[in-house]
Amino acid sequence: MKLFDVYPINPINIVRGQGSLVYDDKGTEYLDLYGGHAVISIGHTNPHYVNRLEDQLHQIGFYSNSVEIPIQKQLAEKLGHVSGKEDYQLFLCNSGAEANENALKLASFYNGKKKIIAFTGSFHGRTSLAVAVTDNPKIVAPVNETENVIFLPRYDEAALEKAFAESEISSVIIEGIQGVGGIHVAPESFLQKIRELCDANNAVFIADSVQCGYGRTGKFFSHDFAGVDADIYTVAKGMGNGFPVGGIIISPKIKPAFGMLGTTFGGNHLACAAGLAVLEVIERDNLLQNAADVGGYLIDELKKFRQVKEVRGRGLMIGIELPADLAHARKELLFTHHIFTGEAKPNVIRLLPALNLTKAYADRFLEAFTTVLNKPL
């Protein structure tokens with residue numbers, strides 16, 4: 001048997017990591033400014049994280065949600081405290097796609113409606129309903145297509161008002177900052193308009209925080225910059241620092257019922273230990289402030305490059321849009337300067353490092369980026 005060939009692979013075998021550094025099987029050191037799609041939130045092999053998981057593994061790694069699991073309640077309490085959503089409820093699952101799938105379904109259970117508003121450039125996952133609200137026809141199979149999704153132009157208030165006037169809307173799902181779409185920051189006024197229209201029409205505001213949440217922007221949720229609360233926040237990626245864990249954070253106005261949602265692996269003992277370790281390190285090391293400070297420094301410095309078309313983002317979620325003649329920059333950063341970054345089509349470099357990235361590592365990237373941009377063609 002061989003692997004199903006669906007990933008474009010860089011010929012690099014990473015075998016070890018420590019903090020913001022990773023090493024291949026030849027011993028080459030790389031600076032990791034991507035964290036495997038924004039997953040590594042507190043650094044590779046963080047000692048507190050490793051100890052938390054190892055201690056839990058020596059006790060019990062898994063049992064189903066048919067018994068009491070006190071560590072789930074500990075995670076919910078800590079998450080409520082650190083995020084500021086203490087009166088909300090937590091449902092645990094395994095991934096961002098699952099989180100969005102459950103959020104959309106829960107919204108429909110809540111108000112009995114079917115229509116969902118999503119936006120151009122969005123990415124919400126690859127499961128059935130999550131991919132249906134994702135703006136990428138290449139990954140939407142015919143079986144995923146549904147007339148229940150209304151795609152609107154990104155951040156168009158008039159189009160949003162018109163959609164609410166013409167349809168019975170169940171929910172609006174929006175990333176506070178689009179990740180795969182190219183690091184586009186939702187205007188605060190637009191998020192406020194969503195809140196206003198959802199309130200007026202008994203619709204559910206779903207804040208997709210899978211990539212832009214968990215402190216990455218300097219606030220726990222990037223949607224918090226708008227000063228409004230969503231009804232449901234979806235989280236994953238950085239929630240487990242590499243261990244598969246996701247969740248939906250649910251307004252108290254939405255009431256649970258037995259059997260409404262369910263999962264086999266979601267909220268298992270190891271996942272909760274990983275989740276608690278992440279929150280404990282975020283809180284102990286003041287990583288929201290570090291993300292704001294180091295990210296702000298990077299954004300300010302990147303804006304000084306004359307070759308850069310635009311710098312977008314907040315905190316340590318940064319998009320660097322380059323002209324077509326610099327499309328090679330990302331690969332040169334990787335193979336010449338040994339720095340991992342991400343991309344968004346056509347020519348956006350995405351930076352999604354660990355939240356404890358140091359200014360020294362930021363400067364190491366800026367030095368390499370300067371060399372790449374100034375290299376004669």
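Colleague: Which residues make the nonpolar surface patch of about 560 Å²?

Modeller: This is a predicted model, in which local features need pLDDT of at least 70, side-chain atom pairs count only at pLDDT 80 or more, and totals for chains, interfaces and linings use all residues. Residues are numbered from 1 along each chain as its sequence is written, and side-chain values use heavy atoms, with hydrogens and water left out. Patch members have over 30% relative accessible area (Shrake-Rupley, 1.4 Å probe, only the protein chains shown counting as cover) and no salt bridge (a Lys or Arg side-chain nitrogen within 4 Å of an Asp or Glu carboxyl oxygen); nonpolar side chains are joined within 5 Å, like charges within 9 Å. The patch is made by F4, V6, Y7 and I9.

Colleague: Is I9 buried or exposed?

Modeller: I9 lies in the segment before β1, strands being DSSP runs of E with at least two residues. Buried means under 20% relative accessible area, exposed over 50%, and partly exposed in between. Because its relative accessibility is 67%, I9 counts as exposed.

Colleague: Which residue in β2 is the bridge partner of I14?

Modeller: Strands pair if DSSP finds at least two bridges between them. β1 (residues 14-18) and β2 are antiparallel over four bridges. The partner of I14 in β2 is D24.

Colleague: Which residue in β3 is the bridge partner of V22?

Modeller: β2 also pairs with β3 (residues 29-32), in the antiparallel sense over three bridges. In β2 (residues 21-24), V22 and D24 are buried on one side, L21 and Y23 on the other. The partner of V22 in β3 is Y30.

Note on methods
Buried means under 20% relative accessible area, exposed over 50%, partly exposed in between (1.4 Å probe, protein chains only).
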